[in-house]
Amino acid sequence: VLERYADVDRALRAETGTYRFEDFPLALLRGPARTDPGTWLEELAYRLDGRIDHLLLDEFQDTAPMQWSLVEPLADEILSGGTEPRTFFCVGDLKQSIYGWRNGEPRLLGGLARRYPVLEEQPMPESYRSSRVVLDAVNRVFESLPASAALDDPGRAAARCATDEWIRGFDPHAAVKEREGEARVWRARPAVGDEKPADPILELAVERVATYRERVPDATLAVLV
């Protein structure tokens, strides 16, 4: 039933042009990109009227395995050596991986250097964006994660994260420019009874917003969820 449904769904999308975000990589994976990467690269070069010699990837920590399987043949070819000048440039921050809901896999970034030894890693611990107090809070949180009591339960996601290389390889951050700022961490109470786990967090957020609104009525407040 599911196979028939999928066939009809694909036919309707092709007929009406109503594609979803994930439809495009799926369509490519069903073709020569999966069965014959070499043929796919040749076809891609023909369509572009030229071969790709320079590959630049940004926010790579949010790349999904399916997406990487399409770009990987290009990376393999560019990093395979040869006499012609080719470049591979990849930027990412494992701490900023926020697309797990869309199958983003930060471990792909952590494994690039092992897969391609020719790559040169360049950490960027200096920040031009954040103030010192904000970065001090970041450093304090990430440097203390492996020893945190919250990670004692091996079944929790935080415990699994503690074993990943993105924590072991954390470099303390420093601010390039002196800016005013403030960073505070508030701990919500545990959920009780029929409450959802997020209920106490939302309750605390509302309390903090109300407090700031009372102190500074004309202030603009933003809540990032």
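A residue is buried when its relative accessible area is under 20%, exposed when over 50%, and partly exposed in between (1.4 Å probe, protein chains only). This is a predicted model, in which local features need pLDDT of at least 70, side-chain atom pairs count only at pLDDT 80 or more, and totals for chains, interfaces and linings use all residues. Residues are numbered from 1 along each chain as its sequence is written, and side-chain values use heavy atoms, with hydrogens and water left out.

**Overall picture**

- The protein chain has eleven helices and four strands. These are DSSP runs numbered from the N terminus: helices are H or I with at least four residues, strands are E with at least two.
- Of the 225 residues in the protein chain, 22% are buried.
- The accessible surface is about 17100 Å², and carbon and sulfur atoms hold 55% of that. Such areas come from the Shrake-Rupley method with a 1.4 Å probe; for residues, only the protein chains shown count as cover.
- A contact means heavy atoms within 4.5 Å. Among contacts between residues at least 6 apart in sequence, 68% join residues at least 24 apart.

**The nonpolar core**

- A nonpolar core is a set of buried Ala, Val, Leu, Ile, Met, Phe, Trp, Tyr and Cys residues joined through side-chain atoms within 4.5 Å.
- The largest one has 16 residues, and Phe60 and Trp68 are among those with the most contacts inside it. Helix H4 (37–48), E1, H5 and helix H6 (107–110) each give two or more residues to this core. H5 gives the most, with four.
- Phe60 sits in the loop between strand E1 (54–57) and H5. Phe60 counts as buried because its relative accessibility is 2%.
- Beyond four places in sequence, Phe60 touches residues including Trp68, Cys90 and Leu112. Trp68 in turn contacts Leu57, Ala75 and Tyr116, among others.
- In soluble globular proteins, nonpolar side chains tend to be buried together.

**Salt bridges**

- A salt bridge is a side-chain nitrogen of Lys or Arg within 4 Å of a carboxyl oxygen of Asp or Glu. The count by this rule is 17.
- Glu72 and Arg115 form one at 2.5 Å, N to O. Glu72 lies in helix H5 and Arg115 in helix H7 (residues 112–115), so the pair ties together parts that are 43 residues apart in sequence.
- Is Glu72 buried or exposed? Glu72 counts as buried, at 18% relative accessibility. Arg115 is partly exposed, at 45%.
- Asp7 and Arg10 form another, at 2.6 Å, N to O. They are three residues apart in helix H1 (residues 2–16), so about one helical turn separates them.
- Arg107 and Glu105 pair at 3.0 Å, N to O. Arg107 is exposed, with a relative accessible area of 53%, whereas Glu105 counts as buried, at 19%.

**A loop arginine**

- Arg86 lies in the loop between helix H5 (65–78) and strand E2 (87–90).
- The Arg86 side chain makes a polar contact with the side chain of Asp53 at 3.4 Å. A polar contact is a pair of N or O atoms within 3.5 Å; within protein, one must be able to donate a hydrogen and the other to accept it, and residues adjacent in sequence count only if both atoms are side-chain atoms.
- The Arg86 side chain also reaches the backbone oxygen of Glu77, at 2.8 Å.
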